[in-house]
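Subject: Handover of a structure and findings

Dear colleague,

Please find below the structure that I am handing over to you.

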Amino acid sequence: MSLVVLSNRLPFALARDGEGGWKVEPGSGGLVTALRPVLQDRGGRWIGWPGVTREELEDAAAVFADARQHYGFDLVPVPLSNAERDDFYHGFSNEVLWPLFHDLPSLCRFRPRYWQAYQAVNRRFAEVTAAEAGAEDFVWIHDYQLIAVARELRELGLRSRIGFFLHIPFPPLDIFLKLPWRFQILRALLEHDLIGFQTVGGRRNFLQCVRLLIKSAEISGKGDVQTVTVDGRTVRVGSFPISIDAAEFARRAGDPAVIEKFRSLRADEPNRRIVLGVDRLDYTKGIPLKLEAFRTLLLRYPELAGRVTLFQVVLPSREDIPRYQRQKVDIERLVGEINGQFTRSGWVPVHYIYRNLEWPRLPAYYLAADVALITPLKDGMNLVAKEYCATHVNDDGALVLSEFAGAAAQLQRGAFLVNPYDTEGVAASLERALRLSPREQRLRMRRMRQAVSDYDIYRWVDNFLEAAISRDLHDFPIHEEYFPEASPR
Ligand code: G6P
């Protein structure tokens, strides 16, 4: 069985290099980080958008061929016209499904034109896939941009097994109901043989929507993989929290280039604690509220002035979408305000870095950070949290993590879990994390590292594929859920 992976993007995008030529920009975000080692390990084909139009792809053919060589697995490009990019990618994917599935329906623009483009582009992906995949292959479709591909594949007569994994959250019923195309989206999902969600809660939300909106559907089973029977077909539905190549992150922690950079970062902040945030530019990541929480920390604990520095790395993303541009302006204004308020000779409280980090900076930042501060308003998983833990092979450091990140379920025994909307609470947890004794750090970090290495990306793939093809569904691990603590009586 060979893998045919589909995602909106290939693991890189082609972009103009400013001198009339083309360059390759590695993709950001959890999907690419997680899937790249999988394809490198198992081989297979990856079908996706190279970030350009057909004409541009022809122009960039030599650069694309080089990238193909470099990645070591087969890459099949699906170019999009500019109109398709606007209505399918910016439009339906990122102005409808993205905000809706992150519980932000008021940010959605439900334009019928977007839905038309979404279906047309999903059909195109299906046509390319049908030409690539044989009946023995396993077609694995990823994420919210490609929910309607399987339906088209079935119409084209493809007989392969088809799995789908949603990298982002699946919203609660009340929110999903707002989608004008709610029936079509649910029906399209039910065309897969297996649908995977990041969390137990996401799976539960989905099944609740199916129960209410599709009267003929029958849901059965109890474990982590359940089944829905609809129109004579059986669809498996499971939760599979995505992970990282934990051993690779541990290895990087010992790389001489990483250690050298780590030392120079530490030397620049003598006798100071380093707090680190690494987020894609996105309103779901809660960066402005995080900055407010950091400001609150400096106000509530004035003794920390000059003794703690926040490094906030923001990875450029979706810069053509106005809401993302506004988010960037808000972040920059706040960074300026906080630095204006607290900077003093020899100390700038917030270091703001807006760019993709080149090797070996990211692992060096992870290593140098006494605390990672990761506070999304809602997040499918958040692999940065797992990467931070996997890098801390000496069992030092601490993690302050949003309750609303999927990763909270696996890291709950070691992280300080916070409500990102509660800036006072985040500041208080951050202060506690900064004061942790080496012994407490060790206890907490060890548990988190264990959780990440026990269920790494390879285990995740094995579990997903096993759930897709096994006869028996009884043995699937039951993943834990995270629930905020009840208030003390
Ligand atoms: C998230 C999504 C991915 C997406 C990534 C980067 O991780 O789940 O599907 O690829 O963000 O966003 P972009 O829009 O640049 O592909």
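This is a predicted model: local features need pLDDT of at least 70, side-chain atom pairs count only at pLDDT 80 or more; totals for chains, interfaces and linings use all residues.

Residues are numbered from 1 along each chain as its sequence is written, and side-chain values use heavy atoms, with hydrogens and water left out.

**Domains and their interface**

The domain assignment gives domain 1 (3-239) and domain 2 (246-454); such bounds come from an automatic or database domain assignment. To their contact (heavy atoms within 4.5 Å), domain 1 brings 21 residues and domain 2 brings 18 residues. The C-alpha centres of the two domains lie 30 Å apart.

Between them, domain 1 and domain 2 bury about 1,600 Å², with 63% of it on carbon and sulfur atoms. Buried area here is the accessible area (1.4 Å probe) that two parts lose on being put together, summed over both. Of the area that domain 1 buries against domain 2, Ser28, Trp98 and Leu107 supply 28%, more than any other three residues.

The interface holds 1 salt bridge, a term that requires a side-chain nitrogen of Lys or Arg within 4 Å of a carboxyl oxygen of Asp or Glu. Asp103 forms a salt bridge with Lys378, and their closest N and O atoms are 3.8 Å apart. On the side of domain 1 that touches domain 2, α1 (30-42) and α4 each supply at least two residues, and α4 gives the most, with 6 residues. Helices (H or I, at least four residues) and strands (E, at least two) are DSSP runs, numbered from the N terminus.

**Helix α14**

Helix α14 (residues 361-368) is mostly covered, as 7 of its 8 residues are buried. Buried means under 20% relative accessible area, exposed over 50%, and partly exposed in between (1.4 Å probe, protein chains only). The buried residues of α14 are Arg361, Pro363, Ala364, Tyr365, Tyr366, Leu367 and Ala368. Among the elements that cover these residues are the helices α10 (246-253), α11 (256-268) and α15 (383-391). The strands β12 (273-280), β13 (308-315) and β14 (350-354) also belong to that cover.

Val78 sits in the loop between β5 (74-77) and α4 (82-101). Val78 counts as buried because its relative accessibility is 1%. Neighbours within four places in sequence aside, Val78 is in contact with Ile47, Gly48, Trp49, Pro50, Arg124, Phe125 and Val128. Arg124 is 46 residues from Val78 along the chain, and the C-alpha atoms of the two are separated by 8.0 Å.

Gln441 belongs to helix α18 (residues 438-454). With a relative accessibility of 12%, Gln441 also counts as buried.

**Cysteines**

How many disulfides does a search of the whole structure find? The search finds 0 disulfides, where a disulfide is a pair of cysteine sulfur atoms within 2.5 Å. For Cys108, which is in no disulfide, the nearest cysteine sulfur is that of Cys209, 14 Å away. Cys108 is buried, because its relative accessible area is 12%. Cys389 is buried as well, with a relative accessible area of 0%.

Yours sincerely
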